[in-house]
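Here are my notes for anyone opening this structure for the first time. Have a look at it, then work through the points below.

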Amino acid sequence: MRFHGIALLASATILGACGGEKQPAADTAATAAAPAPAATTTPSTDSAAATTGAPATGAPAAGAAAPATGQTHEVKMIGDATGYKFEPANLTVKQGDAVKFVMVSGGPHNVTFQNVTDAAAKAQLDANMPGQKMGELAGPMVMQPNEAYVVSFAKVPAGKYDYICTPHAAMNMKGTITVQ
Ligand SMILES: [Cu+2]
């Protein structure tokens, strides 16, 4: 991370001096002229930065994850001869409950909430989604059988929350969680 910063700084300020350095990697990053290639070489740093940046982008109210205080409901993530689906696809929970998405078969699966228009709801739900997300409201891939991804619905306003599995969106793998 520090190395990355130095490389960028060097490329921005003293291009010429950088060429004289003995670090071959720094040289490549500088001559490649852009933050893009440097970012590709350090994916872990990049995603860490993205994670820390996420709540800031979040906006007005929330930002902090609210731990579940109620029941935990289970939703299976299935991909087999019968198709790709969340089971149950429609689930009603109380505010404060959690939903545990359990990988059963046919992964990788994930949970990506869609059409959340209310800014406060979006910020809180996003904050309540742990792990290395693929983006706002887009949970990480769940790969192994019995691996689970838990989303707390604490402080998430009542309403209907539609979600899909991004890898299987075309196979209609989707569901709805109604928060009461
Ligand atoms: Cu899936």
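Leaving aside its neighbours within four places in sequence, which residues is His-73 in contact with? Point 2 has the reply.

1. Before anything else, some ground rules. This is a predicted model, where local features need pLDDT of at least 70, side-chain atom pairs count only at pLDDT 80 or more, and totals for chains, interfaces and linings use all residues. Residues are numbered from 1 along each chain as its sequence is written, and side-chain values use heavy atoms, with hydrogens and water left out.

2. Back to His-73, which sits in strand S1. Leaving aside neighbours within four places in sequence, His-73 is in contact with Leu-91, Thr-92, Val-93, Asp-97, Ala-98, Val-99 and Lys-100; contact here means heavy atoms within 4.5 Å. His-73 has a relative accessible area of 13%, so it is buried. On that scale, buried means under 20% relative accessible area, exposed over 50%, and partly exposed in between, using a 1.4 Å probe and protein chains only. Strands (E, at least two residues) and helices (H or I, at least four) are DSSP runs, numbered from the N terminus.

3. Val-75 is also in S1, which spans residues 72-80, and it is buried at 0% relative accessibility. Not counting residues up to four places away in sequence, Val-75 touches several residues, among them Phe-86, Leu-91, Phe-101 and Tyr-163.

4. Now for the copper ion. Its protein donors are His-109 (ND1), Cys-165 (SG), His-168 (ND1) and Met-173 (SD), at 2.0 to 2.6 Å. Donors are N, O and S atoms within 2.8 Å of the metal (3.2 Å for Na, K and Ca); water is not among the atoms, so sites may look incomplete. Angles among the four donor atoms run from 93 to 131°, and the site is tetrahedral (for four donors, all angles must lie between 85 and 135 degrees). Along the chain, the donors follow the spacing H-x55-C-x2-H-x4-M. Cys-165 is buried at 0% relative accessibility, and Met-173 is buried at 0% as well.

5. The largest nonpolar core has 26 residues, and Phe-86, Phe-101, Phe-113, Leu-125, Phe-153 and Ile-177 touch the most other members. Among the elements giving two or more residues to this core are S1, strand S4 (98-103) and helix H6 (119-127). S4 gives the most, with three residues. Such a core is a set of buried Ala, Val, Leu, Ile, Met, Phe, Trp, Tyr and Cys residues joined through side-chain atoms within 4.5 Å.

6. The whole structure has six aromatic pairs. One of them joins Phe-86 and Tyr-163, edge-to-face, at 4.7 Å centre to centre with 75° between the planes. Phe-86 lies in strand S2 (residues 83-87) and Tyr-163 in strand S7, so the pair ties together parts that are 77 residues apart in sequence. Rings of Phe, Tyr and Trp (its six-membered ring) pair if their centres lie within 6.5 Å; planes under 30 degrees apart count as stacked, over 60 as edge-to-face and the rest as tilted.

7. Finally, there are two salt bridges, each a side-chain nitrogen of Lys or Arg within 4 Å of a carboxyl oxygen of Asp or Glu. Lys-85 and Glu-87 meet at 4.0 Å, N to O, while Lys-133 and Asp-126 meet at 3.0 Å. Lys-133 is partly exposed at 24% relative accessibility, whereas Asp-126 is buried at 8%.

Definitions and conventions
Four donors count as tetrahedral if all angles lie between 85 and 135 degrees; four count as square planar and six as octahedral if opposite donors are over 155 degrees apart and all others between 65 and 115; anything else is irregular.
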